[in-house]
Amino acid sequence: MNAEFSRRTALKRFTGLAAGAALLTTGEGLLAPLTAQAAGNSWKKSRSANGWDVLPGSPGTATYDIPGTNRRVTLREGDVGTVLSYVAQRFHYDVAELEAGRGQIIGYSDALHVEADFESNHLSGTALALYPESYPLGVTGNLFPYQVTAIRDILAELQGVIRWGGDMEPAKESTFFVDVPPGSAKLARVAETLREWRLTPGKGAGTQNVEDPERITAAKKLASKQAA
């Protein structure tokens with residue numbers, strides 16, 4: 001086991017215990033900053049906040065294994081599920097381990113109660129929440145700086161098709177959601193790349209050096225773009 005892997009493994013076990021605030025608190029890519037709905041509000045629109053059709057139930061969803069773990073998550077079937085399940089896999093390797101029994105992993109949900117508009121993206125199967133009880137809505141500073149760096153790297157690797165709830169207002173550091181419209185060619189290309197990586201040794205989650213200067217530069221560039 002090399003020193004870098006040992007360092008990353010040790011660090012991942014210290015999750016959510018110290019302040020490491022996100023680099024950005026608000027942002028704007030495909031979506032403008034979303035105004036939180038009043039607490040107790042129900043989502044009544046036919047599309048979630050990111051423009052995807054709300055799913056009526058299990059049709060249109062699939063359950064995805066999260067490689068490297070014994071966890072599974074239900075997401076919108078197809079490219080969305082491919083990309084978001086990869087986010088969960090990289091989160092496990094580079095941010096915090098997704099351990100059995102430790103907390104919730106939420107993908108598709110038919111619960112209509114939302115406290116912020118972007119939470120409606122769960123209704124379309126286009127959002128992923130990893131340990132939302134540990135990283136709840138409106139609470140920031142739960143992540144170490146190295147964890148934020150890793151999250152930024154994940155977003156950049158996926159070419160900005162995913163947005164982080166830590167950049168929203170109010171923030172929710174547990175949440176990731178699709179930030180491109182239905183039919184996005186970029187989303188399709190990213191998903192196809194991820195499927196190819198699964199068949200290619202040395203590619204994909206667990207192989208990245210998130211401290212590589214070129215990757216850090218790319219991550220900062222995307223963060224600035226999503227905040228513009």
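**Stop 1: D65 and R72**

Select D65 and R72 in this predicted model. The two form a salt bridge. Their closest N and O atoms sit 2.8 Å apart. Now color by accessibility. R72 is exposed, because its relative accessible area is 52% and the cut-off for exposed is over 50%. This pair belongs to a set: the structure holds 11 salt bridges.

**Stop 2: R195 and D79**

Next, select R195 and D79. They make another salt bridge, with 2.9 Å between the closest N and O atoms. Show the cartoon around them. R195 belongs to helix 4, residues 185–197, and D79 to helix 2, residues 79–94. The pair therefore ties together parts that are 116 residues apart in sequence.

**Stop 3: D167 and R152**

Move to D167 and R152. Here the closest N and O atoms of the salt bridge are 2.7 Å apart. D167 is in the loop between strand 5 (162–164) and strand 6 (175–178). R152 is in helix 3, residues 145–157. Buried or exposed? D167 is buried, with a relative accessible area of 1%. R152 is buried too, at 4%. Both values fall under the 20% cut-off for buried.

**Stop 4: a charged network**

Select R90, D94, D153, E157 and R215 together. Salt bridges link these residues in a network. Keep D153 and E157 highlighted. Both are among the buried residues of helix 3.

**Stop 5: helix 3**

Which of its residues are buried? They are Q147, V148, A150, I151, R152, D153, I154, L155 and E157. Bring the surroundings back. The buried residues of helix 3 pack against helix 2, strand 5, strand 6, helix 4 and helix 5 (213–227). Then step past the end of the helix to Q159. Its phi is positive, near 60°.

**Stop 6: A218, across from L155**

A218 lies in helix 5. Draw a C-alpha to C-alpha distance: A218 and L155 are 9.7 Å apart in space. In sequence they are 63 residues apart. L155 is buried, whereas A218 is partly exposed, with a relative accessible area of 39%.

**Stop 7: the largest nonpolar core**

Hide the charged side chains and turn to the nonpolar ones. The largest nonpolar core has 41 residues. Which residues have the most contacts inside it? They are V83, L158, I162 and F176. Several elements each give two or more residues to this core: strand 1, strand 2 (72–76), helix 2, strand 4 (127–130), helix 3, strand 5, strand 6 and helix 4. Helix 2 supplies the largest share, 7 residues.

Center on V83 and show its neighbors. Leaving out residues up to four places away in sequence, V83 touches L158, V161, I162, L187, V190, A191 and L194.

**Stop 8: N50 and S48**

Now go to N50. It is found in the loop between helix 1 (3–12) and strand 1 (61–65). N50 counts as buried, at 3% relative accessibility. Show its side chain along with that of S48. The two side chains make a polar contact of 2.6 Å.

**Last stop: the whole chain**

Zoom out and color by secondary structure. The protein has 5 helices and 6 strands. Along the sequence they follow the pattern α-β-β-α-β-β-α-β-β-α-α. How many of the 228 residues count as buried? The share is 49%.

Switch to the surface. The protein exposes about 10400 Å², and carbon and sulfur atoms supply 54% of that area. Take contacts between residues at least 6 apart in sequence: 72% of them join residues at least 24 apart.

Methods:
Residues are numbered from 1 along each chain as its sequence is written. This is a predicted model: local features need pLDDT of at least 70, side-chain atom pairs count only at pLDDT 80 or more; totals for chains, interfaces and linings use all residues. Side-chain values use heavy atoms; hydrogens and water are left out. A salt bridge is a side-chain nitrogen of Lys or Arg within 4 Å of a carboxyl oxygen of Asp or Glu. Buried means under 20% relative accessible area, exposed over 50%, partly exposed in between (1.4 Å probe, protein chains only). Helices (H or I, at least four residues) and strands (E, at least two) are DSSP runs, numbered from the N terminus. A polar contact is a pair of N or O atoms within 3.5 Å; within protein, one must be able to donate a hydrogen and the other to accept it, and residues adjacent in sequence count only if both atoms are side-chain atoms. A nonpolar core is a set of buried Ala, Val, Leu, Ile, Met, Phe, Trp, Tyr and Cys residues joined through side-chain atoms within 4.5 Å. Contact means heavy atoms within 4.5 Å. Accessible areas come from the Shrake-Rupley method with a 1.4 Å probe; for residues, only the protein chains shown count as cover.
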